Amino acid sequence: MRLPLSQILVVIISVVAASAVIAATGYNIIYVFTELVYGAFGTPYYFSETIARATPLILTGLAFTVAIKGGYWNIGGEGQAWVGAMFAVTIGIFADLPFPLHAIVAALGALVGGALWGFIPGVLKAKLEVNEVLTTLMMNYVAYWLAYYVINWPLKDRTIYAQQTYFIKSSAIFPPLAAGLRAHSFLIVALICAIVAQLILSRTRFGQEILSLGSNLAAARSGGVNVGRTYTKISLVSGALAGLAGGSEVLGFMHNLDIFKLAGLGYLGIGVSVLGVNAIGAIFAAVFVGALVSGADNLQRALGLRVSDAAVNVFTGTAIMCALLVPAMLIRLQRVWKLRGKKRVRT
Amino acid sequence: MVVNILAMGVPLSVPILLASIGEAVSERAGVLNICIEGYMLMGSIAAYLVAYYVGNIYLAVVIAILASIAVALLHGYGTINLGCSQLLSGIGINILVAGIAVVLYREMIFKYATIPPKVVMFENINIPALSDIPVVGPILFRQNPLFYLGVVLSVLLWYFIKYTYLGLMIRAVGEDPLTVDTSGFSPVIARYMGLIIGSATAGLGGAYLVLGYLGWFAPGITGGKGFIALAIVIAANWNPIVCLLVSYLFGAIDAIQLRFQVGGYEMIAPFLMAVPYAFTIVILVLRRKVFVPKALAKPYVREEE
């Protein structure tokens, strides 16, 4: 009754639950699923859309995964992504550098921005024992309103009405994976991050420290791990990853910053992390959510359903709840069975 | 003009007031509802649909509360019965409800009308005599009935938590569930009480957005108010009566911010919007060890042999 069975069950139950939702709205379930899957994987272009949507989610997913393995609840991926995006878009607009260098510097800017925003709650926890759940949560909204200011005033593109910044210079753009696609080369950065994160967690001393903090804080402390410093380091790494996600959207996907287009990245990333379990799993979970986004876009075209973003939320939310509840229910069932077995032996 | 702004702060504070007083009780029981935003959204859409299709706003309020409680029971089953993480469950529910509410809205309203039709709302009530007092009258006594309800509820909940047996059990289960268990009261029931109170007032807050403030529903109607409610609970030290004061303070900041949006100083507005969150962080730092329910967000699973 270990991982595989429970995860297969999670998938089955998610699909059943999602079907129930579709049936409740009166659409043909098989038709909806066919269009959904076709829209996500059916043609090379649709698949590239899936990849484009998945790329930042890999990074926010990793941000949460790395932190939670150390028992550090970074709910602030959302805000860190906003700050990363602000750094990236500023460098992208104003810096004067040749192509690969400009893009790399802007990406590093996103990394630094996210790390800084992640560092504040981390250092508050390390030095003053301030609960990071509440601070990271609050900082999401401080970051959002900061971005609202930056997008509407200093960097506002005055030539258009929409709430957007100027476009970044072409030298700062992470080019698409192939001409005409929106899937872009920041994917490579995301994949490298996933592999490095997995290696750090499984092979390095820092990874050991993270895992020991997450599994047994008291033991880690008495075992000589510098708890405060490790929390600070985790918050930096986690924030940097979320910041890169913001950079990915700006430098690879949107090429500017739009007040409506970054929201949800951090929270969805937490979902991705739950579904993916570990760093490599986050890649697949992000592709799953990306496929839902891309598939739902197609649903909208096919059915004239005006529910695309909402449908994604329903399916993702259902999958997250199933991923949480099903394993817990299995454990509970197992326990009940064991108890029954014991009682039978006794009598 | 100052009186105008101060009076404007009241309607803006009502949703966060309602959501925060229940959340304070719920967190006292150790149940953290990151999904309070989801409860409010569920309350809003339920209130709107009932008000639109049935036309009875009292029924709309009741259904909004029940819908919000229904969502909370999912949170409760996972976290209280099964011991799942309250944070992850809350985030999952927020995403799920954000989807469900918008699907409901688009399927049941938007298909037929591109501009959301207005529904009947609760009229403001001028309290006789009191509403004629200068300054205080227009600010406090010419408001929506749901505001008066919120004030009454905050006092009642404060009394309930502080002076009743069930309130004691709720506080105890938020500090140390094991003690409650050994004293013979079910920690599961105590936590469910907190959860239901919390989600009921949040649903009411969501209903207010539709029936007391806007008159229609929009997908982003809650716009982070659930998270402000979480902030208020912290700033108010988990005390429903202090929640009343803090939510008014945040509501007044919102009113000032709205004022700036028409005055030509629009760029100050986003900074004012960030103030409640920044303020809460400062409070968390300054008061870090004074009081937090010790078992907050910690699952309690009874050890069985």
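## Burial and overall form of chain B

Of the 305 residues of chain B, 54% count as buried in this predicted model. A compact globule with 305 residues would have a radius of gyration near 19 Å, and chain B agrees, because its own value is 19 Å. Taken along the principal axes, the C-alpha atoms of chain B fill a box of roughly 65 × 45 × 40 Å.

The secondary structure of chain B consists of 12 helices and 2 strands. Read from the N terminus, the order of elements is α-α-α-α-β-α-β-α-α-α-α-α-α-α. Among the contacts in chain B with a separation of 6 or more, 79% join residues 24 or more positions apart.

## Helix α2 of chain B

Helix α2 of chain B covers residues 36–53. After α2(B) comes B:G55, with a positive phi near 90°.

## The nonpolar core

The largest nonpolar core has 220 residues. Those with the most contacts inside this core are A:L62, A:L241 and A:L251, together with B:A47 and B:I232.

The surroundings of A:L241 can be given in detail. When neighbours within four places in sequence are left aside, A:L241 is in contact with A:L59, A:L62, A:A63, A:V66 and A:C193. One of these partners, A:L62, is itself listed among the core residues with the most contacts.

## The contact between the chains

Chain A brings 43 residues to the contact, and chain B brings 40 residues. On the side of chain B that touches chain A, at least two residues each are supplied by α4 (86–110), α10 (225–235) and α12 (269–286) of chain B. The most is given by α4(B), with 17 residues. By class, this side of chain B divides into 28 nonpolar, 8 polar and 4 charged residues.

## Loop residues

B:D176 lies in the loop between α7 (165–175) and α8 (177–182) of chain B. This residue counts as partly exposed because it has 16 C-beta neighbours inside 10 Å, whereas a buried residue would need 20 or more. Apart from neighbours within four places in sequence, the contacts of B:D176 are B:K294 and B:A295. B:L296 is 120 residues away from B:D176 in sequence, yet the C-alpha to C-alpha distance between the two is 9.6 Å.

Two further loop residues have a positive phi without being glycine. In chain A, A:V277 has phi near 70° and is found in the loop between α11 (265–276) and α12 (279–303). With 15 C-beta neighbours inside 10 Å, A:V277 is therefore partly exposed. In chain B, the phi of B:N237 is about 60°, and the residue sits in the loop between α10 and α11 (240–263). B:N237 likewise counts as partly exposed, because 15 C-beta neighbours lie inside 10 Å.

Methods:
Residues are numbered from 1 along each chain as its sequence is written. Chains are lettered from A and ligands numbered from 1 in the order in which they are written. This is a predicted model: local features need pLDDT of at least 70, side-chain atom pairs count only at pLDDT 80 or more; totals for chains, interfaces and linings use all residues. Helices (H or I, at least four residues) and strands (E, at least two) are DSSP runs, numbered from the N terminus. The expected span of a helix is 1.5 Å times one less than its number of residues. Two residues are in contact if their C-beta atoms, placed from the backbone, lie within 7 Å. Ala, Val, Leu, Ile, Met, Phe, Trp, Tyr, Cys and Pro count as nonpolar, Asp, Glu, Lys and Arg as charged, and the others, Gly among them, as polar. A nonpolar core is a set of buried Ala, Val, Leu, Ile, Met, Phe, Trp, Tyr and Cys residues joined through C-beta atoms within 7 Å. A residue is buried if 20 or more other C-beta atoms lie within 10 Å of its own, exposed if 12 or fewer, and partly exposed in between; C-beta atoms are placed from the backbone. The radius of gyration is taken over C-alpha atoms; the globule rule is 2.2 Å times the number of residues to the power 0.38.
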